[in-house]
Amino acid sequence: MYMDALNKSDLADPSQRDSAALEDAVWRKFDIWVLPTCTAFYLLSSFFNVPDNQDMNNIGNARVAGMQTALKISDYQYTVALTLTWVPYIAMELPSNLILKRVGPNLMLPTMVILWGIVAAMQGLVTDYTGLYLCRFFLGLTQGGLFPGLVLYLSSFYPRERLHIRITTFFASASLTGAFSGLLAAAITKMDGVGGKPGWSWIFILEGLFTVLFGIFSFLILPRSPETVRFLSPEERSYVLSKLKSSKAISEDERKDDFSWIEVLRAIRSPQVLMLCVVVFFGGALLFGLAFFEPTIVAGLGYTGNQAQLMSVPPFVLAFFASMISAFFSDRYGCRGLTVIFFSIWCIIGFSTFYVSTSQRIRYASLFFSVTGAYASAPAEITWVANNSAPHTRRASGVAFVSVASNLGAILATWLLGSLSPGPNYTAATITFVVMSIGLGRSLISKSALPLTGESCKGEDEAFYGKGR
């Protein structure tokens, strides 16, 4: 009896060690091959005029560098140009997500990158507001599926308890571009006059051309799915699929992941999707308001030219580190809701301080709170809906609907900070953002909100949802 027990123990230990070794190896390989490519896509989109990805930093920097004056457009026309991007952008999000799996993300995502790179570069050739309007429209058309597509793509490669830190990794790259786009724009604008073009034109042209080149390269490295990756051994592939199925990241029965209009309708009626649409609408207004106009806000505090570009950097650096640290704890302890509530408090502090203070230094310091709060809460919100939506079609739809809600908030922010609430005080916009920050946290604290740990709402299919973390 003793020897039998000993033998069983000896047999179990190697198996456990093998499992632990596989656990470390397989996700590390995905982090090396899959995650960097997705991060690069989002990083480029944030630089190069992708509304859903904060790229308005790019057009914001071009505006500071003299684009608006050169094109002789008013604040109203500039706001129309920003808003026009959202019409095709929002229209593309759901259909793009629904066809992503059938077409293949390894083909569809790089193609989008190449197309938007071409359009982004053409912005540097426009000579009037009509040309800018056309570029912004086609930019939205080519980029509409990027952000929800990346979230959906990663959710099929990582189990739910490992997803937040990965989504934050590519999402936080946007806060880095918020930092480095200012540095890059400051350097590129020194090309003013080269080739007979102003500095702001070269911001679009150079960044757009690089995007096209990377899109072409990404065809070679982006895998279609966990089942088809070339860098996993058969044993590793089997282990990954087992983990993904056990965490409900993919279905046990592949037929359940086939397209179904019924699942699209179920996503629309899903309590957590509806709740998070409200939350993300508030969060999207805060996030994109700062993403679009932070360089302009900084310029309104008395900084000019390259100094304004450089001073826009530090708040985004803090946002990056805060996002990564909070995502680590969110995955470890399953606290998506608490993460959003915590950073909504940061937004309240930041926007309230900007409103009540007249000191330029204090107002600048307030941006560290508001930018960090807006950027760090967003990945938790989108991860929450991806964690709690299955099978594939329902998840694709839920992620798209929440992304649409975020973009609708962005449209509101565009007009609030663009023409309805003029700088440098942005009084109406700041008051609105304070109220939204309060609503962002309050909607989650209320008794009718989703569980703070991200567990599924009562009545949902536990066979698919389980604990959403």
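**Salt bridges and their surroundings**

Guide: The count comes to 5 salt bridges. The rule asks for a side-chain nitrogen of Lys or Arg within 4 Å of a carboxyl oxygen of Asp or Glu. This is a predicted model: local features need pLDDT of at least 70, side-chain atom pairs need pLDDT 80 or more, and totals for chains, interfaces and linings use all residues. Residues are numbered from 1 along each chain as its sequence is written, and side-chain values use heavy atoms, leaving out hydrogens and water. Side chains of opposite charge can pair when their charged atoms come close.

Start with K29. K29 forms a salt bridge with E236, with 2.8 Å between the closest N and O atoms. K29 is in helix α1 (residues 2-33) and E236 in helix α11 (residues 234-246), so this pair ties together parts 207 residues apart in sequence. Helices here are DSSP runs of H or I, at least four residues long, numbered from the N terminus. Exposure comes next: buried means under 20% relative accessible area, exposed over 50%, and partly exposed in between, using a 1.4 Å probe and protein chains only. K29 is partly exposed because its relative accessibility is 25%. E236, at 9%, is buried.

Now R166 and D31. Their side chains meet in a salt bridge, 2.8 Å from N to O. R166 sits in helix α9 (residues 163-188) and D31 in helix α1, so distant parts of the chain, 135 residues apart, are linked. R166 is buried at 10% relative accessibility. D31 is partly exposed at 26%.

R394 pairs with E263. The closest N and O atoms are 2.8 Å apart. R394 belongs to helix α18 (residues 392-420) and E263 to helix α12 (residues 261-269), 131 residues apart. Both residues of this pair, R394 and E263, are buried. E263, R266 and R394 are linked in a network of salt bridges.

E294 is in helix α13. Its relative accessibility is 0%, so E294 counts as buried. Beyond four places in sequence, E294 touches G289, S312, P315, F316, L367 and V371, where contact means heavy atoms within 4.5 Å.

Helix α13 (residues 271-299) packs against helix α17 (residues 360-387) at about 145 degrees, with axes 9 Å apart. The axes are lines fitted to C-alpha atoms over the stretch in contact, and angles run from 0 to 180 degrees between N-to-C directions. The crossing is left-handed: the near helix is turned anticlockwise from the far one by less than a right angle. On the α13 side, the contact residues include L286, L290 and E294. On the α17 side, they include L367, V371 and W384.

L286 leads on to F433. F433 lies in helix α19 (residues 427-445). At 2% relative accessibility, F433 is buried. Setting aside neighbours within four places in sequence, F433 contacts A285, L286, F351, A413, L416 and L417. The C-alpha atoms of F433 and I348 are 8.1 Å apart, although 85 residues separate them along the chain.

Notes
Helix = DSSP H or I, 4+ residues; strand = E, 2+ residues; numbered from the N terminus.
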